[in-house]
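The sequence and structure come before the findings.

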Amino acid sequence: MDIQVAVLCDYAADYQGKLCVQGAFDTLFARQFPVIHPACALALRLCFESEDAGDHKLGISITNEDGIALDKERMPIVGDLKVALPEGVSFFTRNLIMNFQGLKFEKDGVYSVDVTLDGELVSRTPIRLVKVDGQQG
């Protein structure tokens, strides 16, 4: 499996097999911590080849710099991923969009959105939380 796109954004959609991404970002600013980010999405575009066929487990987790999940009760989010290529096709792609609401970040620093396949890390998308002075605009 090849991850062609892994990005955090304000909004993502699959439109007839096309991955539509709006407002890609890697940094969030906050005046105080903890802070709750109201909504965002992880947009993934996955490319599969014949050797990827079979049943897999796909995991998604947001972790802090120490590798601790943002929400220990709900993360990692793990789902079944069945890969079967149509006959005569050498590869195919699928878009996967994970929407998040109410993400709570306890402190500033670097976090990451980790994607695993069968327990192995296949993608790490960084996100930086920066504390700004309340006087800045």
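## Strands and their pairing

Strand E5 is mostly covered, with 7 of its 10 residues buried. Buried stands for under 20% relative accessible area, exposed for over 50%, and partly exposed for values in between, with a 1.4 Å probe and protein chains only. Strands (E, at least two residues) and helices (H or I, at least four) are DSSP runs numbered from the N terminus.

The model is predicted: local features need pLDDT of at least 70, side-chain atom pairs count only at pLDDT 80 or more, and totals for chains, interfaces and linings use all residues. Residues are numbered from 1 along each chain as its sequence is written, and side-chain values use heavy atoms, with hydrogens and water left out.

Two strands are taken to pair if DSSP finds at least two bridges between them. E5 is joined to E6 by 7 bridges, and the two run antiparallel; here isoleucine 60 has isoleucine 77 in E6 as its bridge partner. E5 also pairs with strand E8 (residues 109–117), in the antiparallel sense and over 6 bridges. In that pairing, serine 112 in E8 is the bridge partner of threonine 63.

Strand E4 (residues 35–49) takes part in two pairings described here. With strand E1 (residues 2–15) it pairs in the antiparallel sense over 7 bridges, and valine 7 stands opposite alanine 43 in E4. E4 and E7 also run antiparallel and are joined by 14 bridges, with glutamate 49 opposite phenylalanine 91 in E7.

## Salt bridges

The structure holds 5 salt bridges. The term requires a side-chain nitrogen of Lys or Arg within 4 Å of a carboxyl oxygen of Asp or Glu. Three of these pairs are described below.

Lysine 82 and aspartate 55 form a salt bridge, their closest N and O atoms lying 3.4 Å apart. This pair links distant parts of the chain, 27 residues apart: lysine 82 is in strand E6 (residues 77–83) and aspartate 55 in strand E5 (residues 54–63). Lysine 82 is exposed at a relative accessible area of 66%, and aspartate 55 is exposed at 59%.

Aspartate 80 and lysine 57 meet in a salt bridge through their side chains, at 2.4 Å from N to O. Because aspartate 80 lies in strand E6 and lysine 57 in strand E5, the pair ties together parts that are 23 residues apart in sequence. Aspartate 80 is exposed, with 66% relative accessible area, while lysine 57 is partly exposed at 43%.

Arginine 74 and aspartate 71 also meet in a salt bridge, at 3.3 Å from N to O. Arginine 74 counts as exposed at 64% relative accessibility; aspartate 71 is partly exposed at 24%.

## Two residues in their surroundings

Contact below means heavy atoms within 4.5 Å.

Alanine 12 lies in strand E1 and, at 7% relative accessibility, counts as buried. Leaving out residues up to four places away in sequence, alanine 12 touches Cys20, Ala41, Ala43 and Ile97. Its C-alpha atom is 8.4 Å from that of asparagine 99, a residue 87 places away along the chain.

Leucine 85 sits in the loop between E6 and strand E7 (91–105). Apart from neighbours within four places in sequence, its contacts are Phe48, Glu49, Ser50, Ser90, Phe91 and Phe92.

## Cavity and pocket

On a 1 Å grid over the protein atoms alone, a cavity is a set of points where a 1.4 Å probe fits but cannot get out; a pocket is an open set with protein on both sides within 12 Å along at least five of seven lines, and lining residues have an atom within 4 Å of a point. Grid points are joined across faces, edges and corners, and a volume is the space filled by probe spheres set on the points.

A search of the whole structure finds 1 cavity of 30 Å³ or more.

| Space | Volume | Lining residues |
|---|---|---|
| Largest cavity | About 40 Å³ | Leu8, Leu28, Cys40, Ile62, Leu103, Phe105, Val113 and Ile127 |
| Largest pocket | About 160 Å³ | Asn64, Ile68, Ala69, Leu70, Lys72, Lys104, Glu106, Lys107 and Tyr111 |

The lining of the largest cavity has 8 nonpolar, no polar and no charged residues. For the largest pocket, the lining has 4 nonpolar, 1 polar and 4 charged residues. Nonpolar covers Ala, Val, Leu, Ile, Met, Phe, Trp, Tyr, Cys and Pro, charged covers Asp, Glu, Lys and Arg, and the others, Gly among them, are polar.
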